[in-house]
Amino acid sequence: MEREDWMRLALALAREAGEAGEVPVGCVIVKDGAVVGRGRNRREGERTALGHAEIEAIADACRTLGGWRLRDCTLYVTLEPCPMCAGAIVNARIPVVCYGARDDKAGCCGSVLNLFEERFNHHPRVYGHILEEECAGLLQEFFENLR
């Protein structure tokens, strides 16, 4: 499968989040051609600031793989990771991050800052703007419907 195909799986999770009244962000983690972690935003439903798609997908992948080091994995997320999620990515040692839409308010892959270029012990490769229009459109539609 191509990056776009994996991002479409993340988009499906983002749509689920939107249907549940959450900001529509979805994430999948892939290893050796298989999804090992899935997540979507659940902040409102779970009433926690930690309910981001990436955090949920990382926890799921750790359970699936039986450890906290997610080496040889690729994370696909529909929105550029925030500082908390970028920190979790660094701590999980995920080597590749692919995101869809930019986040000009909290993005830590270059929009506000690039946390992965700081002096941490791990520096993932980042590929942005994958299915960007579709990812951004889903978010735009969600927020327009709130007004």
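**Pocket and fold**

Tutor: The lining residues of the largest pocket divide into 10 nonpolar, three polar and nine charged; here Ala, Val, Leu, Ile, Met, Phe, Trp, Tyr, Cys and Pro count as nonpolar, Asp, Glu, Lys and Arg as charged, and the others, Gly among them, as polar. The model is predicted: local features need pLDDT of at least 70 and side-chain atom pairs pLDDT 80 or more, while totals for chains, interfaces and linings use all residues. Residues are numbered from 1 along each chain as its sequence is written, and side-chain values use heavy atoms, with hydrogens and water left out.

Student: What volume has the largest pocket?

Tutor: On a 1 Å grid over the protein atoms alone, a pocket is an open set of points where a 1.4 Å probe fits, with protein on both sides within 12 Å along at least five of seven lines; lining residues have an atom within 4 Å of a point. Grid points are joined across faces, edges and corners, and the volume is the space filled by probe spheres set on the points. For the largest pocket this is about 520 Å³.

Student: Which element gives the largest share of the lining of the largest pocket?

Tutor: Helices (H or I, at least four residues) and strands (E, at least two) are DSSP runs, numbered from the N terminus. Two or more lining residues come from each of α3 (53-65) and α5. The largest share, five residues, comes from α5.

Student: In what order do the five strands form the open sheet?

Tutor: Strands pair if DSSP finds at least two bridges between them. Six bridges join β1 to β2, which run antiparallel, and five join β1 (residues 26-31) to β3 (residues 73-79), also antiparallel. The edge strands, each pairing on one side only, are β2 (34-40) and β5 (125-127). The pairing is mixed, and the order is β2-β1-β3-β4-β5.

Student: Which residue of β2 is the bridge partner of Ile29?

Tutor: β1 and β2 form a hairpin with two residues between them, and Asp32 in the turn has a positive phi of about 50°. In β2, the partner of Ile29 is Gly37.

Student: Which radius of gyration has the chain, and with what does it agree?

Tutor: The radius is taken over C-alpha atoms, and the globule rule is 2.2 Å times the number of residues to the power 0.38. With 147 residues, a compact globule would have a radius near 15 Å, which agrees with the chain's value of 14 Å.
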